[in-house]
Structure formats: C-alpha cells, structure tokens
Amino acid sequence: MILDELEAIRKDAEESFEKAGSTENVEELRIKYLGKKGALTKILRSMGKLSPEERKNVGQRANEIRNGIEKFIDEKTTELKKHQAAMKFRAEALDVTAPGRIPKLGAEHPVTKTIDEMTRIFMNMGFSLTEGPEVETVFMNFDALNAGPNHPSRDMTDTFYITDKTLLRTQTSPVQARTLLTKKPPLKIISPGRVYRCDTPDATHSPVFHQVEGLAVGEGITMADLKGTLSEFARQMFGPDTKTKFRPHHFPFTEPSAEVDVSCFKCGGEGCRVCKGSGWIEILGCGMVHPNVLKVGGIDTEKYTGFAFGIGVERIAMLKYEIDDIRLFYENDERFLKQFR
Amino acid sequence: MLVSVNWLKDYVDIDVPVSEFCDRMILSGSNIETVEKTGDSFSKIQVGKIVRITPHPNADKLVVCQLDVGEEELLQIVTGAPNVFEGATVPVIRNGGLLPDGTKIKKSKLRGETSNGMLCSAAEMGYDDKVISLDIRDGIWILDDDLTPGMDIKEALGLEDSVVDFEITPNRPDCLSMIGMAREAAAVFGHTLKYPETSAENEEGDVRDYVSVEIRKPDLCPRYTARVIKDVKVGPSPWWMQKRLMHGGMRPVNNIVDITNFVMMEYGQPLHAFDISSVAGGKIIIDTANDGEHFTTLDGTERELDSSMLMIHDAGKSIAVAGVMGGLNSEITPDTSTVILESANFNGDSVRLTSKKLGLRTEASGRYEKGIDANLCSEAADRVCRLIEQLGCGTVVGGIVDEYPEVSEPKPLDVRVSRINHILGTDLSGEEMTRIFTSLEMEAVQNEDVIRVIPPTVRQDLLIEEDYAEEVARMYGYDRLPETLAAGGAAAAMTTEETIRQQARAILNAYGLDEILTYSFVSPTSIEKVNVSENDLMHRNFVKIINPLGEENSVMRTMLIPNMMDVLSKNYAQGNKKVGMFEIGRIFNDSHINCDGQPAEAEDLCIAFYGGKGDFYTLKGYVQGLLDKLGIPDVEYRPEKGLATYHPGRCANIIANGELIGTMGEIRPDVSERYGIDEDVYLCELLFTAIMRQTDTEFVYKPLPKYPAVTRDIAVLVDEEVTIAEMERIITEKGGSILESVSLFDVYRGKQIEEGKKSVAFALVYRDPDRTLKDEEVTQQQENVIAGLEKECGAELRKM
C-alpha cells in the first residue's frame, strides 16, 4: 500500500515535471514533493509505524524516488535555463549592420601631418630637430647664405621686409646659418617651419607656406651621402619602389647643387595627370654646402664638408593627397580638414 | 631660352633623336621646361598661288580666289582677308586639314560660293602673335614668291624642327645663346663646337673716318666697340633667318634689326644700330645722364632720367639708354644709308637699376643684368658685318673702334683631384677629370693630384674648387654617383617645444577639435573686430610689413583670435554645423626688439567651437585636461569682466604659478554677430610659450591606498555670488589631513530654492593612509566642514 502510494507519487511527479514550463513551476513541484510538507516527506515521516522489514523496503524505494525527483529537477532546470537564455538572446538580437557610434576625433592639419611624417623619417636617419625665428635678419636670410647683394630674391617684389635689416624669412635655410654659428660639427639637423614670399594667393601660390630644411656637416660627408639620404627619404615618404633623379641645378648656398625628381607615385613613371606625363615629379632642391656658407660659421672647409636640402611641405602634401589648390590649406574648411584624421 | 634644334646643328653635330638629346641635356644640368615639335600641330597645308581674285557676288567684304595648288584645276577659296592680291603666294589648308587650335576644315559655301579650304595666317598656323612680322600679323601669311605651288608647307618652309625651352639658371648666363648651348651639347655628346664665320670678305674705307668712341665711365662700361656699315639697303630678311628668330621667340622686323637680333641669339651679346646721320659729329660718348633729363626711347615713350643712368651720347645729345633701349632720335629707318653698329659691355648692376627705375625691361637689359663676357663684343660685331655682307644689305667699312681699357683675362685655378673626389664621394681619375674640363673648352693640365684649369672667359661662374667639382659631377653624371648614408653624428633629438606641441595636438584632436593653420599677417583692424581695447598696447604693438600684399595682410598678428573667428565664420557660412578647432601659431610683438632688430616671437594656442559642441564648462574642461596632461595642475580661473571680446559674466583669466597663461570665455554676442555667427562661440587663447615653459611631465607614482575610504556627501544652500572655488577652499581647509578629495557633483537652482540662492553638492572622500578611519572622526571633520561653510560663506545645510 505504501509502496503503491510511493509509486503513485513517482508517476505523478514524472508527469508534473514533464509539464513544468518555468523554473518557478519546478520550484513549486520541488516543494510539493520534497518540501517539509511535501508528499514524499510525509511518507518518510509516517514510516515509524511500519515494521522494520517494511521500513527497509519502503525507505529504499522512497530514496530511489527522491533521487529520481532530484534528477528531474536538475534536468528540467537545465533545460528551462537553456530555453530562457535562447528566448532572451532572441529578444535582444541587434541589427549588427546598423552603424556604430564613432568617438569624434579631431583632424590633423595636412601640413602638420606631412611635416610630422617628414620629421619622423629624417629623425630616424639621425637628424635632430631645430627651430628658428620667422622674422629673420637680412644677413641670415641672404648674406650668410651666399646670396649676392643684387640677388633677385632680395627684391621687394619677392620678399616681405619689416625694416631694411629684417624680413619675413623666405626660406628655412637661415636656420642652417644659425646652426653653423652656434654648433660645432659633426651635426645633422632638420628644421621645419613657416616661410613667406610676396605671392598673391592662387591655386599654386601662397604668401605663407612651409619648408623642411636639412643640413649635415661633418668630416667626409659627400654628395653620395646626400643622394643616399634623399633617396631613402623618397622611398619612405612615397613608397619603397620610388626612384629618384638628381639633376644639376644652381642655388647660391650650395655647390654642386641639384634638384631632385621622384618617379611618379601615382603612375609609377608611365606618365599621368599628376606628373604631367613626364613620369617624374620635382620635389626638392639640394646640394653640397657652399664653402662661403660654412665660413660664416667659422668652419674649416678643408676639414669639413656638408650637404643641405630644402623641401616644400605644401608641395609634398599636394602631390601625396592630390590636392589641386594650395589655398585649401589656409581656408580651413572643416569638410576639407576632416579628411586628414 | 628657346633653342631650335635645327639651328643648334649649325654649331654642333647632334646625331641622336631629340628625346635622347633632351634627356642627356637635362642630366648634364640644362633643365628643360618644354619641347615643341613645330609643324606637328597641323595637317594638309600647302603652298598656293593666287591666280585670280573676283568679287563675291553676294558679299562686299568677301572675295573669291582661284589658286594654283600644283594641280590641273584651280582651287576656289572664299576669303575675307584684306591683304590678298593676285600673284600672292600663300599657305592654303585643304579640305580635311587640321589647324593647331583643333579646327577641322571642310568644304563649305560662303554666301552661296563654294570654298574648298582656307587661306591661313601665321597665327592660324600656330605662331605666337609676338613673333609674327607686323606686315602679316593682321592678314594672310604672304610667302616668298619662289615657292612651288602644291608643295607641303612644312617642306616648303622647312618647318619640321623641335624647339626646346631650356631653363637657364642665373649662374650660367653664357647659356643664353646658341653657341653657349652648343658648347654644352658638344661636351655632353663628345663633339667639337663649330664657330660661325665672322670675317667679311670685302671691306671698304676706315671706320675711324666715321666714328670715334669715348668712355667717360669705365666702371659702368668696361668695353665699347663700334663698326660702320654703309650703303645699307633696308628690307626684309630672308625666310631662313626670320624662321630662326621666330622659333627663338623674336619678331622679324627688317634685315638690319634681324641680323643684330640673330647675332644676339647666337652669341648672347646685345647689339644696337644707330643711323649715323643722327649721331652728331660721329661721336659716341658713354656717360651718365643729367638729373631730370627727358629722353624718348625707341618705343615712343618719353622717360625721365637721373644721374645714375648710363647713356650713349653723341656730340650734343643722348641717343640711347646704355644696354636698355635706343633712342627714337637715332633709329634705323627705311632711308638709313649708313649705320654705326654698337657692340658693348655694360655693368650688369647698373643696367639692372636703370631698367628697374625706368620700368623698362628688354631682351638686351635682361642679358646685361645677368652678366656678359666683355670678350664677346668684337666677335659679335664682326659676325654682324659678315651676315650683312652675306645677305647683301650693305657694305662693311674696314676696322673696328674698340675701347677696352681693362681686358678681361681668363682666371686659372689649381684644383685637386683628391678634393673633388672627396666632395663627390667618387674615385675618378685625374685623366677623367681633365677630359671633362677639356670637353667644356677649358685648358686643363694635370700634374699628379693637381689640375691647372683655365676656363674660357664666358664661364664667369667658375671660381672655386667646388665649382669644378660640379662640372665633373654633371658631366660624369649625377645619376652615376654612388648612394651612401652619412656616417656619424649624435643620436637624433626632438626639441622640447615640439614634443609638447605634438602632445597638445594629440590631446586636442582626441577632444574632437580640428587643427587649423592661418596666415601670420593680418589687417591692423582685425583686433577692432574682436573688440580689443584701445588701451591694450600688448595687442597693438604690431610688427609692420613695409611691402605687404595689401592692407588686410599688412601687420604680423599679435593674437590668434581674429583669424580663428574668420575661420569659424567661413565654416558657419558654409553650413558646417558643429565646429571645433584649434591653432598653434606664432604671434609677434614690436615692443621687444633684440640686438639684431628682430621682434619677440611667441606661440599661442587658440581653441574655439560653436554649434552645440558644448558650453563654457566644456571649454574649461578642454583647458583643464590639457594643462593637467602637460603637468600644470595648480591652475586658478579668475573671473574677468573687463575684456570686451568676451561675455563679461562668462570669462576667466587662467593663472598658473602666478603667471597669466591665457583667457577663456564665451565670445560677446556683438563680436560673433560681426562675424555672422548666430550661435554662442566659446574660445580661449592660451600663451603656449608660457605653458611650454611651465610644462613638467616628470612625476613619481603614489602608492595605492591600503585602507578603505569613507565618502560623505554634503549639500548646502548659498548665495549666487559664492563661488565654487571659494567653497572648495573652505572645505579643503576644514576637512583636515584625512580629507583626500572634494568634488562638486551638483548645482541646483529652481523649485524649492529661494531666488538668488543655489544648492551646491560636494562629495568628500576621507582616508588615512596608515589606518582604517573611525566613523566618529569622519563625522567630526564633516561637522567641522559644515561649520566652516556656514560661518565663512553663509551656507545653510540641506538635508540629503
């Protein structure tokens, strides 16, 4: 009889757990069967009235049933949790193709960005950064750089003057002179900065623009070093396959002098709009420092030689980003700037 | 410098294709701007002879021409050109032909009459207006009569040529001549330079019977030569000469002028011809002008002279501005029979100044300015005489008057083979260098490491060993020099300033602000536009530019605000809605001038935004965050009501370590309005130089706390006037040593708060680094704080 009751509980429990639809139901059923007042507990409590033999049988069976119910609880709980999680995931599903929230970063100015990149390349080759004044002396800007008293670049049509002895520097080269006057070789410096020329702004001219100057002076510095340095710069700036062409040219402060073309990084030298069909793009002027310039710094020109170069930053940026109007750099339209993040 | 390759071949063999010629010239230092293939830009143009001209039946301004084009039938062409006549030989473009401007010629009817092609002007055939002879500039090109009708025009006129535009650097004025370029080409291609014939075969009489020369200013005129040509017959020069002038960029005028121009292009030596009948006494005197003297130049302009200008005079008057332009009073006319030919050397600086003062630049003045070898004078004069005889336009008078007080001698220099290799990084032999020097018409003799070089006097640029190193390098080939990296030197270093700048830029970019760059010069009125006070001398001591591009760019900026406002204004007008920007740039001030005359330069940082990017506290947060990152933590923000640029209730001066390092605030609405910005603009200008000086990014870490903190909030009611800074000061003072931090977390006005008051709430964190705090002692301090607030700023505690 008791065994029949037990069997009925087992059967009832099995069916009930089968039907349970939530973890709450499972808990209710646990209490119903295994709780302090639960069906199975009741039977176990009433076992005192039974004979020892019956007690053993009933006890054994009741334990088996309790284990069974506990198993039901475990299984059902696991199943329900799994199901609930699945439901939750379904409800919380997102459209991952919708746009993300991008933190708004500001943009670097393309001129600064280009200067930073050039600086990094030359610093990796051992050039230290130096800065100089923008209101320069006529001496530093011209005389010290071997530009004769009648050099056309001294004209008021080319150079902005502050007084008859001071001007807005027309090039970063006076930093060369200042460095030679204050430092002893060996030295390797670069100097990025603003320069000024009397040009009315148009698509290719700006009265304010930037240059990066370079200077290396030491024992045994040769034109081959100049070539190697600038070819390495070109490869790092424009890509490893970039070729350079050094053409003889003339500057008052260097001798021998050269202009440097790089193979067009757009078409690789085939000829295109960027290189105007030639396959080459002129990027800078350079040369071996003229002895007259070294002498300004009191440097022994027999012992020391050096090279120098000057690169127009806007020109490089315009070529690199295919910008066709230099005025864009100074108009600072957000829609332009935001492209250089 | 335009060089016709066909013409160049008169002086040097060029046996390579033009493209190779150009490449090798570029690599040897003669850079090329453009190469134009003449006669390549049109097709189907032939020689035609006008046989008959009849009036057009339906149009007064048109005529109908029948042309012999070497075919059985005559070709009918309708033209409106006024200069055609029967018997004229003209260029005819046939149906299907193409003109340089892209026009394709088709058979057409003009007012009912068939026209099978078109008669061409020189301009239509692609010649620039400035090189077309005035006779034919406004009509059809009238050609030489001896051309055979039907011939292709390129063949008939010998138009197939390449004109190379060389970029001549200022150190090489000798290359502004055909012979100069031929000298380069000869060296590059290993050929010999062939000089033109310069001696006339028949000369009559003696030049001394016609002309005498006196140089009164030998420093301004190192040499003056004169030759005389009589029985001059002025007329057009032959086509071969005209063509060379045209391809060289000069307009044919008449045989005498053309020959002098031709020789100028050959040798680079300007020449001038005077009509002897207008040279009083046959006397040529070279002297400066009188102050205030008036003189009419060949171009018909009357000019005022001064005593610095060198002139050519005759016995009584001025007849030319030396090296610049001749006078109208002595010009060659069709009636001229005897001419004096001037071939002289004038001081380049003197010509440059005169030309500048007169505002008159000519082919001749441009050449003198750059410097010409005085030894060329007589050779060029002889060459003119030779051509005059050759073209049959006059009889050469024997001899030359040559005033040449100080002859220009070649300047020898000893150069060291080892030194040149040392400069170039090469290992070239002395023989190789000697060969290069010789190829450039220098005398070169090697003696072990030393080569004694004597350059021709036309090469005025060769003064020091380095100059010869360049000659060796460019002839050997820059492309063949090795590539190495310079050894030695210290490790690369960044400047402290640039390190700080880069850090600042990165932080500001991270805030979402875009970097801008603006011109360093502004209008002096720009500061008025942002309400800078009249007493603000610091921003009014402008560094002024003597020769600015315009008033709006005439002074160096003393602050960045006006430029920033301009940029915001442009962006606002452009419809850019939420804009935040910053600029780091130099400012200039005239009140401190160093011993070299240079004004003080400092750097400022300007930050600004509009359009819902934030408010005053956003801006202040940017500044606080930046200064904190740069290691300037103790900064005071002092209310500033006196600056008209800013909202008087929303402006603060920023002070660090007792030094003013900037000002920030909301831009006064009348200023923003002036810039057309209909939004609140928040802006700060920081003295970045001062900030860089104070920047200290060195620090040591603080150990992490071992004992727990106790946080107590406090809310009090205070009068509006009581500042947060004041309350924080009191709290910090009264909180004692266990108060670790205090932070504002709420300011409330409105419901339940009395008018003129505000509720302010702080979170106070207490901690002792060495033990756990007891509740009572925290309560004790908290009461202390409250008492302080009540006593010192009339605060009233609110129940939390």
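Axes are lines fitted to C-alpha atoms, for helices over the stretch in contact, and angles run from 0 to 180 degrees between N-to-C directions. Helices (H or I, at least four residues) and strands (E, at least two) are DSSP runs, numbered from the N terminus. This is a predicted model, in which local features need pLDDT of at least 70 and side-chain atom pairs count only at pLDDT 80 or more, whereas totals for chains, interfaces and linings use all residues. Residues are numbered from 1 along each chain as its sequence is written, and chains are lettered from A and ligands numbered from 1 in the order in which they are written.

**View 1. Helix 5 and helix 10 of chain A at their crossing.** The axes of helix 5 (residues 110-124) and helix 10 (residues 313-321) of chain A come within 9 Å and cross at roughly 100 degrees. The two helices of chain A, helix 5 and helix 10, are therefore roughly perpendicular (65 to 115 degrees; under 35 is roughly parallel, over 145 roughly antiparallel, and the rest oblique). Pro110(A), Val111(A), Thr114(A) and Ile115(A) of helix 5 meet Val313(A), Glu314(A), Ile316(A), Ala317(A) and Tyr321(A) of helix 10, where contact requires C-beta atoms, placed from the backbone, to lie within 7 Å. By class, this contact of helix 5 with helix 10 of chain A has 7 nonpolar, 1 polar and 1 charged residues. Here Ala, Val, Leu, Ile, Met, Phe, Trp, Tyr, Cys and Pro count as nonpolar, Asp, Glu, Lys and Arg as charged, and the others, Gly among them, as polar.

View 2. Val313(A), Glu314(A), Ile316(A), Ala317(A), Met318(A) and Leu319(A) are the buried residues of helix 10 of chain A. A residue is buried if 20 or more other C-beta atoms lie within 10 Å of its own, exposed if 12 or fewer, and partly exposed in between, with C-beta atoms placed from the backbone. Helix 10 of chain A is followed by Glu322(A), whose phi is positive, near 55 degrees.

**View 3. Backbone geometry at selected residues of chains A and B.** Most residues other than glycine have a negative phi, and most peptide bonds are trans. Pro185(A) and Pro186(A) are joined by a cis peptide bond with omega of about 5 degrees; Pro186(A) is found in the loop between helix 7 (174-182) and strand 4 (187-196) of chain A. Another cis peptide bond, with omega of about -10 degrees, joins Glu255(A) and Pro256(A), and Pro256(A) has its place in strand 7 (residues 254-263) of chain A. Lys276(A) has a positive phi, near 55 degrees, and lies in the loop between strand 7 and strand 8 (280-289) of chain A. Lys276(A) counts as exposed because it has 11 C-beta neighbours inside 10 Å. In chain B, phi of Asn657(B) is positive, near 50 degrees; Asn657(B) is located in the loop between strand 33 (646-656) and strand 34 (659-667). Asn657(B) is exposed, with 12 other C-beta atoms within 10 Å.

**View 4. Helix 5 of chain B and the residue that follows.** The 12 residues of helix 5 (residues 178-189) of chain B should span 16 Å at 1.5 Å a residue, and the end C-alpha atoms are 16 Å apart, which agrees; the expected span is 1.5 Å times one less than the number of residues. Helix 5 of chain B is mostly covered, with 11 of its 12 residues buried. Among them are Met178(B), Ile179(B), Arg183(B), Glu184(B) and Val188(B). Gly190(B), which follows helix 5 of chain B, has a positive phi near 70 degrees.

**View 5. Helix 8 against helix 9 in chain B.** The axes of helix 8 (residues 348-358) and helix 9 (residues 363-370) of chain B come within 7 Å and cross at roughly 140 degrees. That makes helix 8 of chain B oblique to helix 9 of chain B. Gly348(B), Val351(B), Arg352(B) and Ser355(B) in helix 8 meet Ser365(B), Tyr368(B), Glu369(B) and Lys370(B) in helix 9. The residues of this contact of helix 8 with helix 9 of chain B divide into 2 nonpolar, 3 polar and 3 charged.

**View 6. Ile730(B) and its contacts.** Ile730(B) is found in helix 20 (residues 724-734) of chain B and counts as buried, with 20 C-beta neighbours inside 10 Å. The C-alpha atoms of Ile730(B) and Gly788(B), 58 residues apart along the chain, are separated by 6.6 Å. Not counting residues up to four places away in sequence, Ile730(B) touches Gly788(B), Leu789(B), Glu792(B) and Cys793(B).

How values were computed:
Contact = placed C-beta atoms within 7 Å.
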